[in-house]
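Please open the structure in a viewer and follow the stops below in order. Each stop names a selection and then describes what is found there.

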Amino acid sequence: MHPASYVSLTLWLSTAGLACDEPPSSCELRNEEHAAVAAFDRCLQAARAGDPGSQAEVGLMYWHGNGVSSNVDEATYWVQEAAIQGHIESQVFLAKIYREGIRLKEDPAESFYWSGRAAEQGDVASQFNYGL
């Protein structure tokens, strides 16, 4: 984030009453939850229409339970849909979670496959992992 943007964001948060030491009220928490659900719904529409960036975002929202209940199967499905379309960050994400067994069973073959797809697109770390 550009330093000027950070200063602007900090100033906006402080004037909005959100950058304080007091815990947020239940009303503020409900508003944040509502905003997260609305964001999920918007992303899901775009993901269903085939947008790979939105598919990746929906996958991560499912992964982290942001705006929706956490669901590893749905997360993996949407991230994989994006990865199939060439979304490099999704390919790298899949390679990592399969390599390290993060919330899924380790699967070296899947990890190798997704590392290879990302490496083919020029991802340097994947090229290293893939052995290029």
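Which residues of H3 are buried? The model on display is a predicted one. Select helix H3, residues 52–64. Its buried residues are Ser 54, Gln 55, Ala 56, Val 58, Gly 59, Met 61, Tyr 62 and Trp 63. Helix H3 has 13 residues and spans 18 Å from its first C-alpha to its last, close to the 18 Å expected at 1.5 Å a residue. Just after H3, select Gly 65, where phi is positive, at about 70°.

Next, display helix H4, residues 72–84, together with H5. Their axes lie 8 Å apart, and the packing angle is about 130°; the two helices are therefore oblique to each other. The crossing of H4 and H5 is left-handed. To view the contact, select Thr 76, Val 79, Gln 80, Ala 82 and Ala 83 in H4, which meet Ser 90, Gln 91, Phe 93, Leu 94 and Tyr 98 in H5. The residues of this contact comprise 6 nonpolar, 4 polar and no charged.

The crossing of H5 and H6 is left-handed. On the H5 side, select Ile 88, Gln 91, Val 92, Leu 94, Ala 95, Tyr 98 and Arg 99; they meet Glu 110, Ser 111, Trp 114, Ser 115, Arg 117 and Ala 118 in H6. The residues of the contact of H5 with H6 divide into 7 nonpolar, 3 polar and 3 charged.

Technical notes. Residues are numbered from 1 along each chain as its sequence is written. This is a predicted model: local features need pLDDT of at least 70, side-chain atom pairs count only at pLDDT 80 or more; totals for chains, interfaces and linings use all residues. Side-chain values use heavy atoms; hydrogens and water are left out. A crossing is left-handed if the near helix is turned anticlockwise from the far one by less than a right angle, and right-handed if clockwise. Helices (H or I, at least four residues) and strands (E, at least two) are DSSP runs, numbered from the N terminus. Contact means heavy atoms within 4.5 Å. Ala, Val, Leu, Ile, Met, Phe, Trp, Tyr, Cys and Pro count as nonpolar, Asp, Glu, Lys and Arg as charged, and the others, Gly among them, as polar. The expected span of a helix is 1.5 Å times one less than its number of residues. Buried means under 20% relative accessible area, exposed over 50%, partly exposed in between (1.4 Å probe, protein chains only). Axes are lines fitted to C-alpha atoms, for helices over the stretch in contact, and angles run from 0 to 180 degrees between N-to-C directions. Angles under 35 degrees count as roughly parallel, over 145 as roughly antiparallel, 65 to 115 as roughly perpendicular and the rest as oblique.
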